[in-house]
Amino acid sequence: MSNATTNAETVHRVSFLDKNAIAIPILKVLQADGTAYEGAVLPVIDEDLANKIHDTCVFTRVIDERMLGAQRQGRISFYMTCTGEEASIIGSTAALDDGDVILAQYREHAALRYRGFTTEQFMNQMFSNEKDLGKGRQMPIHYGSEALNYQTISSPLATQIPQATGVAYSLKMQKKRNIAICYFGEGAASEGDFHAGLNMAAVLNSPVIFFCRNNGYAISTPTEEQFSGNGIASRGPGYGMHTIRVDGNDMLAVLAATQQARAYALDNNAPVLIEAMTYRLGAHSSSDDPSGYRSKDEEAKWQQHDPVKRFKLWMINKGWLNEKQDADLYVKYREEVLAELKVAEKVPLPHLDELIQDVYDKPTPILEKQLADLKSHIKKYPEAYPKSAGRI
């Protein structure tokens with residue numbers, strides 16, 4: 001018999017569990033003015049860590065601003081911003097060990113930057129040039145880095161959730177003192193992979209953190225049209241796992257929760273679910289227009305909870321940062337991003353022959369024939385393929 005059965009209270013009349021029976025508190029450490037709540041327990045953080053977090057915040061704001069603009073200019077085909085969700089992503093990544101494996105959804109480029117992904121590497125990926133680690137096979141913002149333990153992004157929603165369970169189980173079997181962390185939005189929690197992944201992790205005792213960015217919308221669908229339960233955190237106990245809900249715009253709350261979640265996952269070989277309550281200040285992607293499903297007043301309200309500003313004020317209060325240093329950093333990264341953009345967009349695309357490499361150990365006859373047919377097609381219509389026609 002399961003623990004749920006053996007430890008259950010016995011009753012002798014019909015008694016339903018009310019849907020609102022489970023009250024879930026939300027962890028908050030920092031107030032909007034950058035001061036800590038009275039009695040708040042701060043995470044483990046020193047000046048060096050705070051500066052690295054702040055540096056990543058500024059870079060992320062700048063690259064989002066510049067590359068969304070580049071997409072509007074037709075220089076890249078697609079972009080997604082992290083704006084408004086920086087604390088959820090950077091605060092959690094800062095709590096990890098570099099050997100921990102990150103499985104992201106698609107809005108977590110700040111985590112990759114925190115790990116050391118260079119501006120040049122970002123640009124090479126977005127322009128799909130011959131220096132791109134993914135060999136130009138992915139659409140923009142679908143990053144991956146074996147060196148930084150950041151698994152390549154997949155467009156299909158929620159596929160990374162059961163994969164994270166397997167990655168964490170592998171780490172456990174190898175007796176490594178590392179975990180996996182899996183990022184996803186609350187919309188992805190409506191996918192079957194969410195149930196499968198969390199249930200497997202709990203049953204198999206996989207040391208993984210499932211980090212849900214509840215940003216209010218699954219593209220244009222608000223949370224109240226996605227589910228009627230108490231958010232995503234309420235599902236954690238049903239899978240038999242430790243769960244916490246945190247203010248996702250509070251850098252210190254996210255850092256504290258993830259530090260302790262990681263310690264628990266390692267010490268107990270068990271999964272943890274974190275639900276970060278945040279807000280997507282930008283559009284879902286460069287293909288989206290949020291004015292069709294939310295108001296300017298709603299957006300203005302959430303601007304008051306800007307996670308980057310809140311953390312900056314906390315650092316200023318600590319004497320670890322001043323306004324000039326903050327402004328100078330924005331100038332530095334705007335110049336750097338623009339300079340690297342101009343270089344990357346002129347780098348040639350990968351050679352066509354690379355298209356069929358790394359699919360199998362050796363290219364199969366079918367792939368070789370398809371490549372030959374493609375080359376023949378490009379030679380016949382070179383004007384339609386100006387970037388490839390000269391490199392066949």
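Me: What makes the seven strands an open sheet, and in which order do they run?

Reply: In this predicted model, the seven strands are arranged as E1-E8-E9-E5-E4-E2-E3, with parallel pairing. Strand E1 (26-27) and strand E3 (150-151) stand at the edges with a single partner strand each, so one side of each has no neighbour in the sheet.

Me: How do you know that strand E4 and strand E5 pair?

Reply: Two strands pair if at least two bridges are found between them. E4 (residues 180-185) and E5 (residues 208-214) have six bridges, in the parallel sense, so they meet the criterion of at least two. Within this pair, Phe-184 stands opposite Cys-212 in E5.

Me: Why is Ile-141 called buried?

Reply: Buried means under 20% relative accessible area. Ile-141 has 1% relative accessibility, and therefore counts as buried. Ile-141 is placed in the loop between helix H5 (119-126) and E3.

Me: What makes the phi of Ile-141 worth a remark?

Reply: Most residues other than glycine have a negative phi. For Ile-141, phi is positive, near 70°.

Me: Is Lys-175 buried or exposed, and how do you know?

Reply: The cut-off for exposed is over 50% relative accessible area. Lys-175 has 74% relative accessibility, so it counts as exposed. Lys-175 also has a positive phi, about 60°, although it is not a glycine. The loop that holds Lys-175 lies between helix H6 (160-173) and E4.

Me: What is the volume of the largest pocket, and which residues are closest to its centre?

Reply: The volume of the largest pocket is about 320 Å³. Its lining has 18 residues, and those closest to the centre are Ile-244, Ala-256, Ala-257, Gln-260 and Ala-261. Strand E8 (242-247) and helix H9 (251-268) are the elements that give two or more residues to this lining. H9 gives the most, with six residues.

Me: How do the residues of that lining divide into nonpolar, polar and charged?

Reply: The lining of the largest pocket has 13 nonpolar residues, four polar and one charged.

Me: How is the chain divided into domains, and what separates their centres?

Reply: The division gives domain 1 (31-345) and domain 2 (352-384). Taken over C-alpha atoms, the centres of domain 1 and domain 2 are separated by 37 Å.

Me: Which residues does UniProt list for "domain: Dehydrogenase E1 component"?

Reply: The unreviewed UniProt entry lists residues 56-351 under that name. Over residues 56-351 the chain is 44% helix and 11% strand, with the end C-alpha atoms 33 Å apart.

Notes: Residues numbered from 1 in each chain as written. Predicted model: local features only at pLDDT ≥ 70, side-chain atom pairs only at ≥ 80, totals over all residues. Heavy atoms only, no water. 1 Å grid on protein atoms, 1.4 Å probe; cavity = no way out; pocket = protein on both sides within 12 Å on 5 of 7 lines; lining within 4 Å. Points joined across faces, edges and corners; volume = space filled by probe spheres on them. Helix = DSSP H or I, 4+ residues; strand = E, 2+ residues; numbered from the N terminus. Nonpolar A, V, L, I, M, F, W, Y, C, P; charged D, E, K, R; others polar. UniProt positions renumbered as here; feature names shortened; annotations may be inferred. Domains from an automatic or database assignment. Buried < 20%, exposed > 50% of the residue type's maximum accessible area, 1.4 Å probe, protein only.
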